[in-house]
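Here is a brisk report on one protein model.

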Amino acid sequence: MYGKISWNSGKTKYTDDRIRKSGEKQSIFRKKYWNSLNNEERDRIIGNLSLAANKAKKDTKIEIIVKTTLEKMNVNFIKNHRQGRFIFDFYLTDYNFVIECQGDYWHGNPEYFHELNDVQIKNINRDKNKIKYLIDSDINYLFLWENEIHRNKEILNKIILEKLNEKVI
């Protein structure tokens, strides 16, 4: 153990057949396992992985602004709430309502970005899938752009209340 060099030190799947074959067997096993799962089980696994990754990240400035606003409004919410395959920034439990904070760059705000990169396109597609999921699940929502949050800090509570009142009517 101490001072001994392991048998695979410096070897990779490209330089040693034993490592390559072991990796291939694991890959085949994992594919078979994944294919044996139903959609609900897959959604649960993907959701748990997404939730774990999301909890590891720090809140963004715009999430902090929205969180502070909701707390001042005494609205009950769950931060980073998982629904199906998706993680939503804020789930307002008493209203069955979701608030998402969209970074202008990362989500490709069309007001500022006319040519999108691969990351922005991927995020936009995920956002479309989130909206479809929310509509299909009869969950009302508000997607706020970063610039809107910064421009409207003082009236953010009014914007949220207005959207919540639309839901009630």
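## Salt bridges

In this predicted model, Glu 100 and Lys 130 form a salt bridge, with 2.8 Å between the closest N and O atoms. A salt bridge here is a side-chain nitrogen of Lys or Arg within 4 Å of a carboxyl oxygen of Asp or Glu. The pair links distant parts of the chain: Glu 100 sits in strand E3, Lys 130 in helix H4, 30 residues apart. Helices (H or I, at least four residues) and strands (E, at least two) are DSSP runs, numbered from the N terminus. Both partners, Glu 100 and Lys 130, are buried. Buried means under 20% relative accessible area, exposed over 50%, and partly exposed in between (1.4 Å probe, protein chains only).

The count comes to 9 salt bridges. Lys 79 bridges to Asp 59 (3.6 Å, N to O). Lys 79 lies in strand E1 (residues 77-83), and Asp 59 in the loop between H2 and H3. Glu 63 also bridges to Lys 79 (3.6 Å, N to O). Glu 63 belongs to helix H3, 16 residues from Lys 79. Glu 63 counts as buried because its relative accessibility is 3%. Lys 79 is buried at 19%, whereas Asp 59 is partly exposed at 25%.

Asp 104 lies in the loop between E3 and helix H4 (118-136). Asp 104 is buried yet has no salt bridge. The nearest side chain of opposite charge (Lys and Arg count as positive, Asp and Glu as negative; His and the chain ends are not counted) is Arg 151, 7.8 Å away. Beyond four places in sequence, Asp 104 touches residues including Tyr 112, Phe 113 and Trp 145; contact means heavy atoms within 4.5 Å.

## Nonpolar cores

A nonpolar core is a set of buried Ala, Val, Leu, Ile, Met, Phe, Trp, Tyr and Cys residues joined through side-chain atoms within 4.5 Å. The largest holds 17 residues; Ile 99 and Ile 160 are among those touching the most other members. Helix H3 gives the largest share, 4 residues. Apart from this core lies another, of 7 residues, among them Phe 88 and Phe 143.

## Confidence and conventions

Mean pLDDT (the predictor's confidence in each residue, from 0 to 100) is 89 for the protein chain, and 93% of the residues score at least 70. Confidence is lowest in helix H2 (residues 39-56), at a mean of 74. Where pLDDT is low, the predicted coordinates should not be read in detail.

Residues are numbered from 1 along each chain as its sequence is written, and side-chain values use heavy atoms, leaving out hydrogens and water. Local features need pLDDT of at least 70, side-chain atom pairs count only at pLDDT 80 or more, and totals for chains, interfaces and linings use all residues.
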